[in-house]
Amino acid sequence: MKTNANNTKLILLHPSIHAKQTPTAGSHRLWLIFFVTFFTLAFTITLFNSTIPTGAALRNHASSSSFPGLDSTAPLPRSVADALLHYASMSNTSGFGPAMTSAEINAVATALRHCGGTPSGCNFLVFGLTHESLLWQALNHNGRTVLLDESEFLVSKFEQSHPGIEAYDVQYTTKVKDSSTLLAAAKSQVRDECRPVQNLLFSDCKLGINDLPNHIYQVPWDVILVDGPRGYFPAAPGRMSAIFTAGILARSKTDGAAKTHVFVHDFERQVEKVFSEEFLCDENLVEKIDSLGHFVLGKMQSQSSKFCANSTKSSFSKTTSLSSG
């Protein structure tokens, strides 16, 4: 019994045995902890990346959350479009001035519907930030809508409030009070700087807008709406340049649809009416809805030197001031 007790004591207290066993067991535990930690971390990173949506996914989600159940590339269902038009015509408080009438809005929406059923939608250029700006973006939801405005501040504020909007400010150099002079100068240069087919990016015509981002001039616009800039007092920039530029862009298309719908709002005002007759032409006027003129323009040959097939009937009266329009 004594011998067994001594042997047991030697086994339990022998230093060489503890020296060998302790590091081996500890190293196994360290390796086990390392592998468990590594795989846990790898799994967590993979799971995290798979649940964070990409930029494209966020854009698609934004589109689908605005119109649940809609594919961002699918045409806007007629029922949704009708609802948008209905509520837009009911609300007239936007901070952007008078809104369009229901009939005017429907005329533009009908033009957008013609190319809205295609995979790429319409290329829609709008002069002026207005009460209807968000409506145009929604109706042309699978197309490209570009908004232009004279106010850099309004453009910046609008883009911040509505991510995904494409808008640019335009530095107009014209004034309503100079309308007669500008028209005479453009007519005298119709075979040169102010010809009906050209790349406005390189134009020196005083009526041409040539300081927009370069890619804007390469887009084959299907629909153009002139609803800005301001034109109701002599010192306002007026819509002379916008109307002239719309006519050039429509006639100078190199691809896309052969026809371009051009709408001019406040068409009853003298400046808008005279410049539309001169550069959009009476033979292209298809309808007039309330205060909206609707023109359909075709492409022209590059050597063309006349905007209209027929001479313009309207001219500025020496006794009538355009600045009062």
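Among contacts in the protein chain between residues at least 6 apart in sequence, what percentage join residues at least 24 apart? The share is 69%, where a contact means heavy atoms within 4.5 Å.

Before you click further, note that this is a predicted model, in which local features need pLDDT of at least 70, side-chain atom pairs count only at pLDDT 80 or more, and totals for chains, interfaces and linings use all residues. Residues are numbered from 1 along each chain as its sequence is written, and side-chain values use heavy atoms, with hydrogens and water left out.

**Stop 1: the whole chain**

Show the cartoon: the protein chain has 10 helices and 7 strands. These are DSSP runs numbered from the N terminus, with helices (H or I) of at least four residues and strands (E) of at least two. Of the 325 residues, 41% count as buried, meaning under 20% relative accessible area.

**Stop 2: helices H8 and H10**

Now select residues 179–188, which make up helix H8, and residues 270–279, helix H10. The two pack at an angle of about 5 degrees, with their axes 12 Å apart; axes are lines fitted to C-alpha atoms over the stretch in contact, and angles run from 0 to 180 degrees between N-to-C directions. H8 and H10 are therefore roughly parallel to each other, a label for angles under 35 degrees.

Show side chains next. From H8, Ser 179, Leu 183, Ala 186 and Lys 187 meet Val 271, Val 274, Phe 275, Glu 278 and Phe 279 of H10. This contact divides into 6 nonpolar, 1 polar and 2 charged residues; Ala, Val, Leu, Ile, Met, Phe, Trp, Tyr, Cys and Pro count as nonpolar, Asp, Glu, Lys and Arg as charged, and the others, Gly among them, as polar.

**Stop 3: the phenylalanines**

Rings of Phe, Tyr and Trp (its six-membered ring) pair if their centres lie within 6.5 Å; planes under 30 degrees apart are stacked, over 60 edge-to-face and the rest tilted. The count comes to 7 aromatic pairs. Phe 244 and Phe 279 make an edge-to-face one, 5.1 Å centre to centre with 90 degrees between the planes. Phe 244 sits in helix H9 (residues 240–251), 35 residues from Phe 279.

Finally, centre on Phe 244 and Phe 307: their planes are at 50 degrees and the centres 5.8 Å apart, so this pair is tilted. Phe 307 lies in the segment after strand S7 (292–298), 63 residues from Phe 244. Phe 244 is buried at a relative accessible area of 0%, and Phe 307 counts as buried at 7%.

Terms used
Buried means under 20% relative accessible area, exposed over 50%, partly exposed in between (1.4 Å probe, protein chains only). Angles under 35 degrees count as roughly parallel, over 145 as roughly antiparallel, 65 to 115 as roughly perpendicular and the rest as oblique.
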